[in-house]
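The following questions and answers examine the structure displayed here.

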Amino acid sequence: MRSDPRRAYRPAARSRPARPILLAALTALAPACAPPLTHSLVPAPHTARVEPGDSFTVDTLAVIAAAGGDESRRIAGMLAGLIGTTAETTPTVVPAEDPAAGGAAITLAVDDAHRARLGPEGYTLAVTAGGIRVEAAEPAGLFYGMQTLRQLMPPVVEYDAARPRPLRVPYTEIEDRPRFGWRGAMLDVARHFFGVDEVKRYIDLLALHKLNRLHLHLADDQGWRIEIPGWPRLTEHGGSTEVGGGPGGFYTAAEYRELVRYAADRFITIVPEIDMPGHTNAALASYPELNCDGVAPELYTGIRVGFSALCVEKEVTYEFVDAVVGALATLTPGPWIHIGGDEVEELTEEEYRHFIERVQEIVRGHGKRMVGWGEIAAAELEPTSLIQHWRGEGEYLDEVRAGQVILSPSAHVYLDIQYHPGTPIGLDWPGHTPLRDSYDWDPAGLVPGLPADAIAGIEAPLWTETVATVHDIEFMAFPRLAAVAELAWSPPGALDWDRFRRRLARHGLRLTALGVNFHRTPEVDWARW
Ligand code: TNX
């Protein structure tokens with residue numbers, strides 16, 4: 001068997017040498033002497049003043065006033081649902097013009113006048129004796145303000161049934177906006193398939209952490225997960241299994257649209273990926289004509305990579321790509337289509353470049369922007385195409401333009417990598433990734449020479465060769481995804497490992513209330529905050 005090509009990308013040395021025992025002991029004691037936390041917001045806001053001593057009480061007859069249109073009302077409805085479960089405890093939502101709005105406990109307002117100060121995703125949040133007020137230039141900002149307000153409420157609001165009364169929110173003054181526009185997570189639904197409800201649960205957790213992209217890895221060697229008109233065997237045959245030989249599955253067009261809608265309601269854009277020209281065994285097994293020798297291989301349920309490739313010299317391959325990209329473009333309102341492009345061992349460099357350039361044209365022809373894994377940088381890229389950097393080195397990124405690079409360094413943000421050698425699931429090809437390694441790195445300094453304005457943002461992939469259930473997803477993703485969310489949202493000056501892990505200890509109560517199976521890493525003192 002071929003050796004794992006990804007081993008070549010292993011960073012030469014771990015990012016930080018092991019700390020001497022004395023230093024580690026001092027670090028463990030530090031929280032006792034450090035200034036107390038005033039809040040446990042994750043990600044940390046841009047600027048925040050929270051006074052834990054004084055609080056505003058949301059009583060049982062609370063009214064939420066929504067100003068600035070239907071979206072404000074919809075977001076207010078979500079907040080009302082979070083606060084109450086019964087007619088007696090759920091606040092009434094009224095438009096700001098309604099006479100009842102005068103006595104509102106909570107006001108949510110979208111107003112374009114805030115655009116210059118807050119941008120499209122920023123917000124202000126004030127909690128005073130007079131009530132709670134969230135303002136933003138756009139609904140997305142209002143939604144993030146609502147998530148912050150949610151995190152200021154006691155974690156028990158997250159339980160389905162019990163809602164505490166009285167509900168107190170500390171006096172607060174926050175002004176907040178994100179550092180990066182691309183704050184993503186990727187879920188590989190190809191190696192193991194996850195159904196609509198399972199993906200929705202992940203979307204909910206992304207929204208809690210102010211992430212705004214969900215990249216779905218919809219096809220790989222082990223499975224094809226989305227219906228494509230005119231190519232029924234992709235799902236019938238190609239979707240019929242997964243790693244380990246389980247039954248697999250796929251999304252109908254209606255189910256995929258449902259995911260798009262659910263995500264959009266939470267200001268998350270779905271970025272669909274069909275990996276090509278490699279990682280295509282499921283397609284090759286479904287249609288013999290996509291193979292150079294015209295012979296369909298067997299379905300594959302192992303975890304090797306790099307062995308499959310579409311026949312790039314056949315025209316039918318481009319008809320196939322056009323049908324796939326066209327179908328995804330029709331189903332996906334977001335501007336991006338991810339075409340994979342990683343780990344191709346079966347083609348020459350020239351064949352590979354030529355293929356990527358042709359696919360880029362097809363994506364543009366369907367009115368979308370192409371995204372691909374780092375390898376695509378070898379091709380002639382349009383300025384609107386995005387490169388998802390995932391390997392250790394980055395010299396190949398020397399000609400990038402503003403906003404073209406998504407940072408997904410495998411040594412830091414690959415959520416499928418074991419936390420430590422004893423982690424029961426996960427791979428270890430880039431080493432191990434304890435929580436601190438996901439948090440303690442500098443996006444601006446990751447690739448020497450990469451201009452700051454080239455960075456679109458950060459995305460954390462969760463590959464699922466060893467991840468088979470929602471339990472597994474949550475164990476590998478959390479708390480590392482919370483660390484990634486903070487790096488993607490919070491200003492560099494607010495990043496502090498020690499304060500982060502103390503906030504996280506408290507945030508863990510909320511994750512617990514939500515039933516999230518997060519990894520209780522010993523790097524966080526979950527019992528003290
Ligand atoms: C590399 S990262 C891959 C995936 C694997 C992953 C496992 C990338 C673009 N390709 O095919 O699932 O490693 O960690």
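**Strands, rings and cores**

Strand 5 and strand 6 form a hairpin with two residues between them. Strands (E, at least two residues) and helices (H or I, at least four) are DSSP runs numbered from the N terminus, and residues are numbered from 1 along each chain as its sequence is written. The model is predicted: local features need pLDDT of at least 70, side-chain atom pairs count only at pLDDT 80 or more, and totals for chains, interfaces and linings use all residues, while side-chain values use heavy atoms, with hydrogens and water left out.

Q: How many bridges join strand 5 to strand 6?
A: Two strands pair if DSSP finds at least two bridges between them. Strand 5 and strand 6 (residues 131–136) run antiparallel, and in strand 6 isoleucine 132 is the bridge partner of valine 127. The number of bridges joining the two strands is five.

Q: Which residue of strand 7 stands opposite threonine 124?
A: Threonine 124 has its place in strand 5. Strand 5 (residues 123–128) pairs with strand 7 (residues 167–176) in the antiparallel sense over five bridges, and alanine 126 stands opposite glutamate 173 in strand 7. For threonine 124, the residue opposite is glutamate 175.

Q: Is threonine 124 buried or exposed?
A: Contact means heavy atoms within 4.5 Å; leaving aside neighbours within four places in sequence, threonine 124 has contacts that include Arg117, Leu118 and Ile174. Buried means under 20% relative accessible area, exposed over 50%, and partly exposed in between (1.4 Å probe, protein chains only). Because its relative accessible area is 15%, threonine 124 is buried.

Q: Which strands are the edge strands of the seven-strand sheet?
A: The seven strands form an open sheet of mixed pairing, in the order 1-7-5-6-4-2-3. An edge strand here pairs on one side only. The edge strands are strand 1 (47–58) and strand 3 (92–95).

Q: How many degrees lie between the planes of tryptophan 231 and phenylalanine 320?
A: Rings of Phe, Tyr and Trp (its six-membered ring) pair if their centres lie within 6.5 Å; planes under 30 degrees apart count as stacked, over 60 as edge-to-face and the rest as tilted. The whole structure holds 20 aromatic pairs. Tryptophan 231 and phenylalanine 320 form an edge-to-face pair, 5.1 Å centre to centre, and the angle between their planes is 70 degrees.

Q: How many residues apart are tryptophan 231 and phenylalanine 320?
A: Tryptophan 231 counts as buried because its relative accessibility is 11%, and phenylalanine 320 is buried at 2%. Tryptophan 231 lies in the loop between strand 11 (223–224) and helix 6 (233–236), and phenylalanine 320 in helix 9 (residues 315–331). The pair links distant parts of the chain, 89 residues apart.

Q: Which residues touch the most other members of the largest nonpolar core?
A: A nonpolar core is a set of buried Ala, Val, Leu, Ile, Met, Phe, Trp, Tyr and Cys residues joined through side-chain atoms within 4.5 Å. Leaving aside neighbours within four places in sequence, leucine 481 is in contact with residues including Ala185, Leu206 and Ala460. Of the 143 residues in the largest core, those touching the most other members are Tyr202, Trp224 and Leu481.
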